[in-house]
Amino acid sequence: MATAAPSLPRWDMNVVYPSLASPEFAHDFQRLGQEVAELEAFCDASGIGLSPRHYQPVDAGTVPPRHYQPVDAGTVPPRHYQSVDAGTVPPRHYQSVDAGTARTAEETIERFNVLLEKANTIDAYLYAFVATDSRDAMAQARRSEYEQLEARLSQLGTRFTAWIGSLDVEALLQASALAREYAYPLRRAHARAEHLMSPAEEALASDLSLSGGVAWQKLWGNVSSQIAVPVQRDGETVELPMSAVRNLAHEADRQLRRRAYEAELAAWRRHEVPLAAAMNGIKGEYQTLAARRHWATPLDASLFQNGIDRPVLETMLGVAREYFPIFRRYLRAKARALSPRPKQSKDAGALGLERLAWYDLFAPVGTSSSNWDFPSARDFILDQFGSFSERMRGLGARAFAELWIDAEPREGKRDGAFCMHLRGGESRILANYQTTLSGVTTLAHELGHAYHNLDLADHQPLQRATPMILAETASTFSETIVRLAALRHAAREEQILILNDQLQDATQVVLDITSRFLFEQGVFANRAERELSPGELSELMLQAQRDTYGDGLDEMALHPYMWAVKPHYYSADVQFYNYPYMFGLLFGLGLYARYLAEPEAFKAGYDELLSATGLAEAATLAGRFGIDVRSADFWRSSLEVIRADVDRFEALVG
């Protein structure tokens, strides 16, 4: 009698609260609101930013109607601007810091830390329900209520940033031992304050974000997660959620992949109008605010968020472009590997595969005798984590045993994978697990994020704000450990499978990420003039894919709706959510090379590096391992690792 396949786990949120409807959750949620109000009152009393306006209740009878004087062009004198040079702009004077100012800063820091810790847990708890079931009305309602508190908390953060910007921050660091523990975030706040609007404008922007960018982001999430796609499979038409249809790209049957791809494009086309509205809304809002905050471009705001400058980004992207031909070599080699051999079936859909279509990008190549069901994936990951350190293995074991992972694809659940911090050293991981090595490495990647969260747990929330370029460090490193372990003792056909998985992921992070970056640049350039239609968004995406994939893909079978697929375009507060992935991959490969060269020395500093990602810039942290992120040679050294894998893959597939 056949044994039923083990079911995939769902994460356990009951350890936080018994349910969304529980008295425990209601109490903590209410208490969070009270603490936000208490912090507002403290900031008002301490003169941190402007106090909120207090309005006197009035009725219509107490307000006389306003009379406006008619004007014509002649009554309004033209505005004249005085030209200025550096000498006409007085230097900025900062408020002196005395003992009272230092005490206020210390108490504000401590209050923010306590409040942010509680807010993070409630935020993650609510999102755990929304991300796995977008139709959960109670979770959506509670999360909407939380977003109101989050907006007020954001306003308080902006007020604190503005206040720090008004102080002599170096004098504050001299005056307070506690402030010195927050030297990097305080200096960052001081620099960011130069790009704030007036307090009233920042408060208004925060209030309006709930009906602006946040609402558009929510619309994308709800629409995309609820799309049902009819696909022909096994002789009948079945309706599948979008996440399941996109997973069919990993199937061996090329005709099934093609039908899924065509059905997916048709489904996105049916929903393109609201998704294009969400894209236009989010990009328009961000662009307007970036200009109001005196950023030269939205990209400059993104670079500041990530703690790097244009020379670092341009060096990395320029070197990546040098290696585009290497990735195209891999794609052509994969096309050869997918072509039928002389004695194979004469399936017309598989013959003459000169170039890959988009729906071939994730096609399996090679074979494996390995069993990658979920329990096997768990055991393999834990063994490889243990080869690095018992601490890493212990984190992984806890994640599996305590049900931190929601691995089951299902209707209403969002696509892809992510890891979010929950509380202390505890995280939650969302995946849509496939029984392939790619599914295993995705789990290892997200567990790497959880390990990073474990290291950050030693610090307070204001010390943990990690830029995206460093947020991929531990995940890339953990994934590399697992992938190379699978490759080490594999037979020829399994080596082909593993290298293909490795190279298709690297291709996504270098070629596809560059296409996404080019697309987003194009969207912002055009959105400055007007809204873009769904057709224009699709054409921008196709051009970006042509510029990056080149002759590695069939130009007639690209993916015009990738702008609708990726959640990264629809973040209300983070733009250019793309190049940090490339930075993370190549930086992670550079770190892995250091690990191989000096394993014990590397291990001694690795946890310290991860725990400090909110306490120093990327260039400073990289320098501790002898890495210069401003050097083209560093980026080439990481890409040479990928070139060697392409050479090996080509030799294996012949």
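Strands here are DSSP E runs of at least two residues, while helices are H or I runs of at least four, all numbered from the N terminus.

Ground rules, before I go on: this is a predicted model, where local features need pLDDT of at least 70, side-chain atom pairs count only at pLDDT 80 or more, and totals for chains, interfaces and linings use all residues. Residues are numbered from 1 along each chain as its sequence is written, and side-chain values use heavy atoms, with hydrogens and water left out.

Next, the partners. I found strand 4 (residues 418-423) running antiparallel to strand 5, joined by five bridges; two strands pair if DSSP finds at least two bridges between them. Their hairpin has two residues between the strands, and G424 there takes a positive phi near 50 degrees. Strand 3 (residues 405-406) pairs with strand 5 in the parallel sense, over two bridges, and D406 stands opposite L430.

Is strand 5 buried or exposed? Five of the five residues in 426-430 are buried, so the strand is largely enclosed by the rest of the structure. My cut-offs: buried is under 20% relative accessible area, exposed over 50%, partly exposed in between (1.4 Å probe, protein chains only). I noted that E426, R428 and L430 point one way and S427 and I429 the other, all of them buried.

Last, cysteines. I got zero disulfides, a disulfide being a pair of cysteine sulfur atoms within 2.5 Å. C43 is buried at 0% relative accessible area, and C419 counts as buried at 19%.
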